[in-house]
Amino acid sequence: MAPDRLQRVADQVYRLEDRFVNLYVLDLGKIVLVDTGTRKAEDHIRQGLRELGKEVEDIAVLLLTHHHVDHVGTAVVWKRESRAEVDLHRIDAPVAAKRERRRTHGVEARMKVVAAFMGLFTPFMRGPPLETDRLLDGGEVLDILGWPVEVIHAPGHTLGSCAFYAREAGILFAGDAVNGRRGTPEPPIAMEDVAASRDSFRKLTALNAPLLLPGHGSPVRRG
Ligand SMILES: [Zn+2]
Ligand SMILES: [Zn+2]
């Protein structure tokens, strides 16, 4: 029997590891995905939905933290198969739609290596253009199947990076603005705007969310 795909991290919230990246499955009757993994994550997600007794048609909303290919990789599939709504910040949307390109910088030697590696690697992961249905600004509170979710613009890792804060549930989906690689919050290792990413990291960690769910690494719990 295949290992369980989903790791329960909170009531109605599950983590799905797609090799080096996380995505999160919210079972709110219908399904919300916070990020969608690489293109290769498709089968994992189908299997994860089966574990919840759900179908692909149940996917209603895709909350995307930023435009990177390891986060938006399967979004086109769910948009096509279940007409899931794609939510992404308006600054990152043109990149996901392949109308714009951006450069990522590493600030230290090891990060330059990572950035160069990503540059080599991403053409193979790149998917078809993805059109956004709801353009996010930051500052708004979305009603996600009855859950109030605050959109926090957290630029730096990408210029349109967002975190999603379900304040009542005490859960902050941080995307790549905060890394959880060692189980503690760390700044991102590659970014489009280095100074902005530092500010965003401080802003998000200052929220002291009881549960911070990063794009990479382990959940970070407080208290
Ligand atoms: Zn990223
Ligand atoms: Zn990432």
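Arg83 lies in the loop between H3 and S6, where helices (H or I, at least four residues) and strands (E, at least two) are DSSP runs numbered from the N terminus. This is a predicted model, in which local features need pLDDT of at least 70, side-chain atom pairs count only at pLDDT 80 or more, and totals for chains, interfaces and linings use all residues. Residues are numbered from 1 along each chain as its sequence is written, and chains are lettered from A and ligands numbered from 1 in the order in which they are written.

Most residues other than glycine have a negative phi. Arg83 is not a glycine, yet its phi is positive, about 55°. Asp35, in the loop between S4 and H1, is also not a glycine and has a positive phi of about 65°.

Are these two residues buried or exposed? A residue is buried if 20 or more other C-beta atoms lie within 10 Å of its own, exposed if 12 or fewer, and partly exposed in between, with C-beta atoms placed from the backbone. Asp35 counts as buried because it has 29 C-beta neighbours inside 10 Å. Arg83 counts as exposed because it has 11 such neighbours inside 10 Å.

## The chain as a whole

The protein chain holds six helices and 13 strands. Of its 223 residues, 45% are buried. Two residues are in contact if their C-beta atoms, placed from the backbone, lie within 7 Å. Among contacts with a separation of 6 or more, 64% are between residues 24 or more positions apart.

Two strands pair if DSSP finds at least two bridges between them. One open sheet has seven strands in the order S1-S2-S3-S4-S5-S6-S7, with mixed pairing. S1 and strand S7 (134-136) each have a single partner strand and stand at the edges, so one side of each has no neighbour in the sheet. From one strand to the next, the twist averages 25°. S5 and S6 are joined in the parallel sense by three bridges, and Leu62 has Val86 in S6 as its bridge partner.

H1 packs on this sheet, touching S1, S2, S3 and S4, and its direction makes about 150° with that of S2. H3 packs on the sheet as well, touching S5 and S6, with its direction at about 150° to that of S5. For these angles, axes are lines fitted to C-alpha atoms, for helices over the stretch in contact, and angles run from 0 to 180 degrees between N-to-C directions.

Which residues of helix H1 (residues 42-51) are buried? They are His44, Ile45, Gly48 and Leu49. These residues lie on the same side of H1 because they cover an arc of only 135° around the axis, the arc being that of the directions from the helix axis to the C-beta atoms. An α-helix has 3.6 residues a turn, so residues three or four places apart point the same way. Their cover includes strand S1 (6-10), strand S2 (13-18), strand S3 (21-28) and strand S4 (30-34). Just after H1, Gly53 takes a positive phi of about 75°.

In helix H3 (residues 75-82), the buried residues are Ala75, Val77 and Trp78. They fall within an arc of 160° seen down the axis, so they line one face of H3. H1, strand S5 (59-63), helix H2 (69-72) and strand S6 (85-89) are among what covers them.

## The six-strand sheet

A second open sheet, also of mixed pairing, has six strands in the order S8-S9-S10-S11-S12-S13. S8 and strand S13 (220-221) are at its edges with a single partner strand each, so one side of each is left without a neighbour in the sheet. Two of its pairings are tabulated here.

| Strands | Sense | Bridges | Facing residues |
|---|---|---|---|
| S8 (residues 141-144) and S9 (residues 147-153) | antiparallel | four | Leu142 and Val149 |
| S11 (residues 171-175) and S12 (residues 211-214) | parallel | four | Phe173 and Leu213 |

The hairpin of S8 and S9 has two residues between the strands, and Leu145 in this hairpin takes a positive phi near 50°.

## The nonpolar core

A nonpolar core is a set of buried Ala, Val, Leu, Ile, Met, Phe, Trp, Tyr and Cys residues joined through C-beta atoms within 7 Å. In the largest one, of 54 residues, Ala163, Phe164 and Leu172 touch the most other members. Strand S10 (residues 162-166) gives this core its largest share, five residues. Beyond its neighbours within four places in sequence, Ala163 has contacts that include Thr65, Ile152, Leu172, Phe173 and Leu204.
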